[in-house]
Amino acid sequence: MKTIIVFLALVALALGQCVRDDSNGQPACNAVELAQGLWRNNWDPTAYWQCTTLNTPATPQRCPTEGMFDSATLTCIRWDQWVWTETCKPPSAL
């Protein structure tokens, strides 16, 4: 069963599709995740994760007051411009 799940996750990635993530989204900061640097906190839109060291869990960061993290631009934006998007697993979580 686990093999099937891993296979489906790899197929979804190959097709550029998102694999739903119900966790808080904290990446392990592997080489791919470290290169991106910032990751969405799936449970708190006013927060995000920052990868600074290879293979070290990401550290939590918070947007300035009235800011929400936008995973498309990897920046904090005003709350009235923020739009919810589907949560996707980081590469290390697949």
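Cys63 and Cys76 are linked by a disulfide with an S to S distance of 2.1 Å, a disulfide being a pair of cysteine sulfur atoms within 2.5 Å. The model is predicted: local features need pLDDT of at least 70 and side-chain atom pairs pLDDT 80 or more, whereas totals for chains, interfaces and linings use all residues. Residues are numbered from 1 along each chain as its sequence is written, and side-chain values use heavy atoms, without hydrogens and water.

**Disulfide Cys63 to Cys76**
- The S-S torsion of Cys63 and Cys76 is about -80°, so this disulfide is left-handed.
- Cys63 lies in the loop between strand 3 and strand 4 and Cys76 in strand 5 (residues 75-78), so the bond ties together parts 13 residues apart in sequence; helices (H or I, at least four residues) and strands (E, at least two) are DSSP runs numbered from the N terminus.
- Cys63 is buried at 7% relative accessibility, and Cys76 is partly exposed at 30%; buried means under 20% relative accessible area, exposed over 50%, and partly exposed in between (1.4 Å probe, protein chains only).

**Disulfide Cys29 to Cys51**
- The whole structure contains two disulfides, and one of them joins Cys29 to Cys51 with S to S 2.1 Å.
- Its torsion about the S-S bond is about -85°, so the Cys29 to Cys51 disulfide is left-handed.
- Cys29 and Cys51 are both buried.

**Aromatic pair**
- There is one aromatic pair, counted when ring centres of Phe, Tyr or Trp (its six-membered ring) lie within 6.5 Å; planes under 30 degrees apart are stacked, over 60 edge-to-face, the rest tilted.
- Tyr48 and Phe69 are stacked, at 4.9 Å centre to centre and 20° between the planes.
- Tyr48 and Phe69 are each buried.
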